[in-house]
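Here's a quick briefing on how this fold is held together. Have a look at the model first, then walk through the notes below.

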Amino acid sequence: PPLTLPLMTLSIAISLFSSFARPKPSNEWGQTIVEQLSFVSHADYLLSDGDPAASLKRGELWRIVTPIFLHMSMLHLAMNMFVLISFGRMVERWVGTPRFALFVLLLAVGPNLLQGLAPAWMQGSPLFGGISGVLYGLFGYVWVRSSLNPNLGVSIPFPIVLIFVGMIVVGLSGAIPNWPYAELCHLGGLLIGCAVAFASEQKR
């Protein structure tokens, strides 16, 4: 599908060029990529005494979307690309590329703002990256639509649902110290995806 492939290509290229958001001092391109695509730039974050919205207040609104292209490890990237190709092409074919583009934009903006601006006691942090908020939205969309409309001929096995939802529960519970995933981003994406799917089926 026309948009799913570019999303994959950008995610892979940006993650590799940025050395998975940990570029060495000699990697000037990588440092520029991370500084410009993160939710908040390192310089703004330090100068503002830890204000997560510091770069947004400077008018750099692209940052509410661009963190989806930054992945923190090869495993992180590989897992996300597998889920993207599984759910992305399915949803893009269901709704068409223009609507899919708007949906992806919504699934990037909403979860990124939630993760980036929420206080630390809610496990919010502007220091995150990855397209998994979008992926949780696509998963939620497919899950709810396929449950409400068996004629789609798609079903998500319960163990898969358990893994997706269970990760959010475990992460937000604080049961595992230093949990490395942005679960507010995942939760935001899941809720948006489920809501859009429910609204879509109500219109049928």
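Ring pairs join Phe 87, Tyr 136, Phe 139, Trp 143 and Phe 164 into a cluster; rings of Phe, Tyr and Trp (its six-membered ring) pair if their centres lie within 6.5 Å, with planes under 30 degrees apart called stacked, over 60 edge-to-face and the rest tilted. Keep in mind that this is a predicted model, where local features need pLDDT of at least 70 and side-chain atom pairs count only at pLDDT 80 or more, while totals for chains, interfaces and linings use all residues. Numbering runs from 1 along each chain as its sequence is written, and side-chain values use heavy atoms, with hydrogens and water left out.

**Aromatic pairs**

- Searching the whole structure turns up eleven aromatic pairs.
- One of them is Tyr 136 with Phe 164, an edge-to-face pair at 5.1 Å centre to centre and 65° between the planes.
- Tyr 136 sits in helix α7 (residues 132-148) and Phe 164 in helix α8 (residues 158-173), so this pair ties together parts 28 residues apart in sequence; helices here are DSSP runs (H or I, at least four residues), numbered from the N terminus.
- Tyr 136 is buried at 5% relative accessible area, and Phe 164 is buried too, at 12%; buried means under 20%, exposed over 50% and partly exposed in between (1.4 Å probe, protein chains only).
- Phe 164 also pairs with Phe 139: the ring centres are 4.1 Å apart and the planes at 15°, so this one is stacked.
- That pair again links α7 to α8, since Phe 139 lies in the former and Phe 164 in the latter, 25 residues apart in sequence.

- α7 has 17 residues and spans 24 Å from first C-alpha to last, close to the expected 24 Å (1.5 Å times one less than the number of residues).
- Of those 17 residues, 14 are buried, so to speak mostly covered.
- The largest nonpolar core has 36 residues, and Leu 84, Phe 87 and Phe 139 are among those with the most contacts inside it; such a core is a set of buried Ala, Val, Leu, Ile, Met, Phe, Trp, Tyr and Cys residues joined through side-chain atoms within 4.5 Å.
- α7 gives this core its largest share, eight residues.

**Salt bridges**

- Five salt bridges come out of a search of the whole structure, each a side-chain nitrogen of Lys or Arg within 4 Å of a carboxyl oxygen of Asp or Glu.
- Arg 145 bridges to Glu 201, with the closest N and O atoms 2.7 Å apart.
- Arg 145 is in α7 and Glu 201 in α9, so the pair ties together parts 56 residues apart in sequence.
- Both Arg 145 and Glu 201 are buried.
- Arg 63 and Glu 60 meet at 2.7 Å, N to O, and both count as buried, Arg 63 at 1% relative accessibility and Glu 60 at 13%.
- Asp 44, Arg 58, Glu 60 and Arg 63 are linked in a salt-bridge network.
- Asp 51 and Lys 57 form a salt bridge at 2.8 Å, N to O, and Lys 57 is exposed at 65%.

- Ser 19 is in the loop between α1 and α2 and has a positive phi near 55°.
- Phe 20, in the loop between α1 and α2, has a positive phi of about 55°.
- Ser 19 is partly exposed at 31%, whereas Phe 20 is buried at 15%.

Note on methods
Helices (H or I, at least four residues) and strands (E, at least two) are DSSP runs, numbered from the N terminus.
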